[in-house]
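This report is a guided reading for someone who is meeting the structure for the first time. Please keep the sequence and the model in view while going through the sections.

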Amino acid sequence: MYSQRQIQDDSVELVVGALHPLMYVIDKDSEMKMFLEEHVPTKTGSQDLDISNMELSWLPKVIKDFVLPSGYPDTVSDDYVDYMLLQFPTNVTGWICHTLAVGVGSFSGTSAAASAAAIRWVSKDGIGALGRFFIGGRFGNLFDDDPKQWRMYADFVGSAGSIFDLCTPLYPSYFLPLASLGNLAKAVARGLKDPSFRVIQNHFAIAGNLGDVAAKEEVWEVAAELLGLSLGILALDTPGISKSYPTLALTWLSVRILHLWFRYQSLSVLQFNTINLKRARILVNSHVLHCTVPGINECNRMESILLWQRFLRPRIIFEVSLEEMINGRKYRSMIKQLLHLYKDEKYFLVVNQQNPTDIQVFVSFKEGATSLSVFRSVWQTYWLYQNWGWSENIFDQLEQSLVELKDRFPDLLQQLTDAGWDTNNLSLKVPKEMSIKELPAPS
């Protein structure tokens with residue numbers, strides 16, 4: 001059960017409730033109803049090193065069969081070797097950092113060691129499980145859209161966790177909170193790392209050989225682990241490092257920075273042929289400006305791994321309520337105009353006029369919208385962004401953008417198909433918390 005309130009405003013009836021997603025219903029007489037309804041999510045389509053062009057003929061077959069998936073190179077994507085060769089030093093440096101962090105514990109004294117035993121479950125297992133639980137439950141739907149970004153963020157968060165561990169010898173009286181925060185951060189990093197890397201593994205397995213790809217990745221991982229541990233132990237046996245906390249900490253920091261650089265480079269060589277929101281922005285902007293689209297390699301190079309969507313321009317805000325879109329104007333006249341403009345589209349799009357210096361677009365989707373609807377709204381957004389201000393009438397500009405969309409969007413799809421992009425599996429999710437349903441006029 002949930003509470004609700006009704007608001008009458010001319011011919012507009014609003015029913016607002018809590019605990020459930022909202023649904024708007026608009027009939028052909030411009031009467032709008034907003035009520036609460038459960039939605040069942042539906043699935044929607046989700047620096048070149050030139051190493052991958054090498055046939056690795058110099059590598060003995062026994063080693064090639066051991067470290068590469070069966071049928072290589074025909075059973076994996078072209079960027080597989082580029083990624084794995086950069087992933088190897090990434091893992092090596094990661095295990096060096098792990099070993100050095102363990103060595104830092106030798107500076108903490110016996111009291112810290114005793115405390116560590118007492119809080120083992122709370123700080124490591126308990127809090128760690130809580131971190132993975134939170135990440136899996138709250139952010140599970142993000143990894144398919146942008147695995148590069150979340151894999152990189154996982155290393156940033158894991159680095160922060162290791163920094164907490166490094167601080168425990170400096171502040172032994174705060175061992176418990178520092179160790180707990182360190183383990184929590186590492187657990188969150190693992191929660192970000194595992195699902196995002198599964199998406200990357202699936203990208204490699206173009207022949208349906210995900211198990212083989214995963215098994216061979218384990219070979220690379222273990223080899224990197226053994227080498228990293230060996231180098232870390234060697235560093236700890238060096239008197240100048242093992243007997244000086246500042247030197248050890250500085251060594252760890254230097255290797256960690258190298259680790260993060262390798263991680264970024266390994267992710268940069270990935271070449272996804274699916275279209276997520278970041279790549280959609282790049283493709284659409286090129287098509288609006290130049291009537292051409294970049295290829296898969298070029299677009300993936302242009303994609304920003306670290307930047308969040310909210311910092312990209314123009315800013316697109318999806319799942320905006322009609323009240324925000326209309327922004328206090330008369331419901332009847334605004335809704336009639338929006339219904340007429342977007343009668344052939346599965347969404348409504350307006351420009352936020354409260355921020356004239358920086359174009360901001362509000363988008364709300366109709367019931368039955370698909371990933372293609374999201375893609376179309378992005379194209380319209382970029383056309384408005386590049387052509388905004390030619391008319392003082394906002395609806396004239398929206399109408400012209402829709403005319404351009406109708407004329408030019410088919411050409412975009414054709415160019416994407418010709419360039420090898422997967423237009424049948426768009427990684428552009430339709431928000432499901434709010435939808436707009438148009439009903440036929442009552443007889």
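Arginine 151 and aspartate 155 form a salt bridge, with 3.2 Å between the closest N and O atoms; the term salt bridge stands for a side-chain nitrogen of Lys or Arg within 4 Å of a carboxyl oxygen of Asp or Glu. Both residues belong to helix H5, where they are four residues apart, about one turn of the helix. Helices (H or I, at least four residues) and strands (E, at least two) are DSSP runs, numbered from the N terminus. Arginine 151 and aspartate 155 are both buried, on a scale where buried means under 20% relative accessible area, exposed means over 50%, and partly exposed lies in between (1.4 Å probe, protein chains only).

The model is predicted, so that local features need pLDDT of at least 70 and side-chain atom pairs count only at pLDDT 80 or more, while totals for chains, interfaces and linings use all residues. Residues are numbered from 1 along each chain as its sequence is written, and side-chain values use heavy atoms, with hydrogens and water left out.

## Salt bridges between separate parts

Across the whole structure, a search finds ten salt bridges. One of them joins lysine 186 to aspartate 165, with the closest N and O atoms 2.2 Å apart. Because lysine 186 lies in helix H6 and aspartate 165 in helix H5, this pair ties together parts that are 21 residues apart in sequence. Lysine 186 is partly exposed, with a relative accessible area of 34%, whereas aspartate 165, at 19% relative accessibility, counts as buried.

Arginine 279 forms a salt bridge with glutamate 303, and here the closest N and O atoms are 2.8 Å apart. Arginine 279 lies in helix H10 (residues 277–290) and glutamate 303 in the loop between helix H11 (296–302) and strand E5 (315–318), so this pair ties together parts that are 24 residues apart in sequence. Both arginine 279 and glutamate 303 are buried, and together with Lys148 they are linked in a network of salt bridges.

## Around helix H6

Helix H6 also holds aspartate 194, which at 24% relative accessibility counts as partly exposed. Aspartate 194 and tryptophan 150 are 44 residues apart in sequence, and their C-alpha atoms are 9.9 Å apart in space.

Leucine 170 is placed in the loop between helix H5 (147–167) and helix H6 (175–204), and its relative accessibility of 48% makes it partly exposed. With Tyr171 and Tyr174, Leu170 makes a nonpolar surface patch of about 350 Å². Patches are made of residues with over 30% relative accessible area and no salt bridge, like charges being joined within 9 Å and nonpolar side chains (Val, Leu, Ile, Met, Phe, Trp, Tyr) within 5 Å. Accessible areas come from the Shrake-Rupley method with a 1.4 Å probe, and for residues only the protein chains shown count as cover.

Three strands form an open sheet in the order E5-E7-E6, with mixed pairing; two strands pair if DSSP finds at least two bridges between them. E5 and strand E6 (347–351) are the edge strands, each pairing on one side only, and the twist from one strand to the next averages 20°. E6 pairs with strand E7 (residues 360–365) in the antiparallel sense over five bridges, and phenylalanine 362 in E7 is the bridge partner of valine 350.

Helix H14 (residues 371–387) packs on the sheet, where it touches E5, E6 and E7, and its direction makes about 20° with that of E6. Contact means heavy atoms within 4.5 Å, and axes are lines fitted to C-alpha atoms, for helices over the stretch in contact, with angles running from 0 to 180 degrees between N-to-C directions.
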